[in-house]
Amino acid sequence: MLKAYSTRIMAPTYRDHYFGHEVPSLKDCHWCQIRSFSNAKEYPISIVCKDENLTLPDDFTFIEKSILREGVSRADPEFRVGCECSHNCHGITCHCLQDSEVDLPDHNVYAYQAGGNSEGCLKEQLLDSKAPIYECHEACACDETCDNRIVARGRRVPLQVFRTENRGWGVRSKVPIKAGAFIDCYIGEIITAQEADRRRDNAIISRRKDLYLFNIDKFTDPDSLDETLRGDPYVIDGEFYAGPSRFFNHSCEANMRIFARVGDYSEKNLHDLAFFAIEDIRPMTELTFDYVDGKDDGEQGSEKCLCGAKSCRGWLW
C-alpha cells in the first residue's frame, strides 16, 4: 500500500495515483486491489488509520476468491449435481438440502428466514449451533435469485479495515448488521495439510502462523464413504493472500461465528468458512469472532487475550 510520501518527489503519474488510485492501477496497491472487486461500488471496502505512517503489511494482497495451490483440486464437473427445483428451494424435496441438520416443523430445512425484516438471515435456532449450511449452486436448475444462495451471492456488507488501539488491524462496518446476516467468508490460499505444516515450521513464531491457518475439516472422517473426506483436510492460509476477513480479531464476547457452508456435495472437502452475525451489530462496532469457539480448559495459556470483554478468559490458548 502506498505510504504518505511527499507529493513533491512523486512523478505526475504516481501523484495522480496516490490521490485517485486510478492512474495507473498498481497491482501491489491495497486500494487498487479492493477497488477492483466485482462488488466494490455497491459494497465497498475502505482502509482508515490516524497514523499515516502505518500501512497494511507490504507482503499482503487482497483477493476476491481463494487461490488453489499445488495438490488442491476441485471436483470433476461430471460429478457435480444440483437440484432440479424451479423455485422455492426451502424443503426436503430440494436435493441441496437433503443433508440439512435444520429440524423445524413442516419439514422446513431451509436455513434462512424467508420473510419479514430479517429475510435472508440465519434462523434464530441456528445462531448457537454448529450445524453446516447447505445452499444451491451453479449446477442447480434454480437461478441466481434463489433464496438459498445467500453465501453464494457473496458479501453484501460494506466493510472498513481500521487500526485498533491495542490489537493491530480490525474490521467494522458503517451500517447496522442484523443477527443472522451473512458478512463474509474466510478466503486465502487453499493448501494441503503437509504444506501447512511446512509453512508453520518455517514461520518465525509458529503459534502466530496458526492465526491465519484454518482447517476445512467440518466433514473430515476417516470412515467416510467419500474418499476426499477420509484424508487430511485442506487448509486455508490467509496470511499473505486474503479478503478483509483476514483482519477480523478475536473476542471472548464475539458478535460473529463461523459456519461451514456447502454448495456442491462433491466438494464438501472445500466447504466455505462463512462468518454470520450472531447478534444485532451497531454501525462502527468492531466485528469479532471467538478464535476457539468458546473452548476453555481453565488453564493459563501462552498467548494473552487483549479483547477487553467483561467475560474475557484471559488467554487465547
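Start with the second largest pocket: β9 (213-215) and β13 each put at least two residues into its lining. Strand β13 hands over the largest share, 5 residues. Keep in mind that you're looking at a predicted model, with a chain average pLDDT of 87. Below is a quick tour of the pockets, the nonpolar cores and the confidence scores.

**The second largest pocket**

- This pocket has a volume of about 980 Å³.
- Its lining counts 28 residues, and the closest to the pocket's centre are F214, D217, I258, Y291 and D293.
- Sorted by type, the lining comes out as 15 nonpolar, 3 polar and 10 charged residues.

**The largest pocket**

- Here the volume is about 1,300 Å³.
- If you want to find the middle of the largest pocket, look for E64, K65, V151, A152 and D272, which are the closest to its centre out of 43 lining residues.
- Three strands, β7 (182-185), β13 (256-262) and β14 (272-277), each supply at least two residues of this lining.
- β7 gives the most, with 3 residues.
- The lining of the largest pocket splits into 18 nonpolar, 9 polar and 16 charged residues.

**The nonpolar cores**

- Some background first: in soluble globular proteins, nonpolar side chains tend to be buried together.
- In this model, the largest nonpolar core has 40 residues, and I183 and L287 are the ones that touch the most other members.

- Across the chain, 87% of the residues score a pLDDT of at least 70.
- Residues 1-10 are a stretch to treat separately: the pLDDT there is below 50.
- Even so, residues 1-10 have 22 contacts in the model beyond near neighbours in sequence.

How values were computed. Residues are numbered from 1 along each chain as its sequence is written. This is a predicted model: local features need pLDDT of at least 70, side-chain atom pairs count only at pLDDT 80 or more; totals for chains, interfaces and linings use all residues. Side-chain values use heavy atoms; hydrogens and water are left out. pLDDT is the predictor's confidence in each residue, from 0 to 100. Contact means heavy atoms within 4.5 Å. On a 1 Å grid over the protein atoms alone, a cavity is a set of points where a 1.4 Å probe fits but cannot get out, and a pocket is an open set with protein on both sides within 12 Å along at least five of seven lines; lining residues have an atom within 4 Å of a point. Grid points are joined across faces, edges and corners, and a volume is the space filled by probe spheres set on the points. Helices (H or I, at least four residues) and strands (E, at least two) are DSSP runs, numbered from the N terminus. Ala, Val, Leu, Ile, Met, Phe, Trp, Tyr, Cys and Pro count as nonpolar, Asp, Glu, Lys and Arg as charged, and the others, Gly among them, as polar. A nonpolar core is a set of buried Ala, Val, Leu, Ile, Met, Phe, Trp, Tyr and Cys residues joined through side-chain atoms within 4.5 Å. Buried means under 20% relative accessible area, exposed over 50%, partly exposed in between (1.4 Å probe, protein chains only).
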